[in-house]
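Dear colleague,

Please find the structure below, for your records.

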Amino acid sequence: WMPYDFERNGQWPFRFYNASDEPWPQDYHCAMDIDSCYPKAIISYERLKDPITGPHELMKVASVLRGIDNITVMPDDGIDCIWHETWVKNPHPNNDDRDKNGLPRTAYNFTLTQMYVIEEKLVEY
């Protein structure tokens, strides 16, 4: 993690951890709130909203939820139908700019000292 370019994840100048970085630092919630900090499934938002791959991505989520007590998940053939009803027939299908009513990025003029404080808080949690 190279500091102060908060717009990039895994891209230069940041990098993802690799085997030579082990043991990797662990998130607080991973250490204290979760039994196992390994992914049960990996999904992609882009694949989830795609008409071809979307139902399969949603089935991955359903497969993970099926093993949890007190959660009822419908069969996979129903998930395909639900995906099409909610994504394809949605009256607002493309909502990728969800913060369009928010302040523009240029409105956030943090000083370097403020950025250090923000980074400390992020690392702390």
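Which residues in α3 meet which residues in α4? On the α3 side they are G54, P55, L58, M59 and A62, and on the α4 side D76, I79, D80, W83 and H84, where contact means heavy atoms within 4.5 Å. These residues divide into 6 nonpolar, 2 polar and 2 charged (Ala, Val, Leu, Ile, Met, Phe, Trp, Tyr, Cys and Pro count as nonpolar, Asp, Glu, Lys and Arg as charged, and the others, Gly among them, as polar).

This is a predicted model, in which local features need pLDDT of at least 70 and side-chain atom pairs count only at pLDDT 80 or more, while totals for chains, interfaces and linings use all residues. Residues are numbered from 1 along each chain as its sequence is written, and side-chain values use heavy atoms, with hydrogens and water left out.

Helix α3 covers residues 54–65 and helix α4 residues 76–88; helices are DSSP runs of H or I with at least four residues, numbered from the N terminus. Their axes come within 9 Å and cross at roughly 125 degrees (lines fitted to C-alpha atoms over the stretch in contact, with angles from 0 to 180 degrees between N-to-C directions).

H56 lies in α3 and is partly exposed, with a relative accessible area of 45% (from 20% to 50%, with a 1.4 Å probe and protein chains only; exposed is over 50%). The C-alpha atoms of H56 and D80 are 7.7 Å apart, although 24 residues separate the two in sequence.

In the loop between α3 and α4 lies N70, which is exposed at 82% relative accessible area. N70 has a positive phi of about 65 degrees although it is not a glycine.

With kind regards

How values were computed:
Helices (H or I, at least four residues) and strands (E, at least two) are DSSP runs, numbered from the N terminus.
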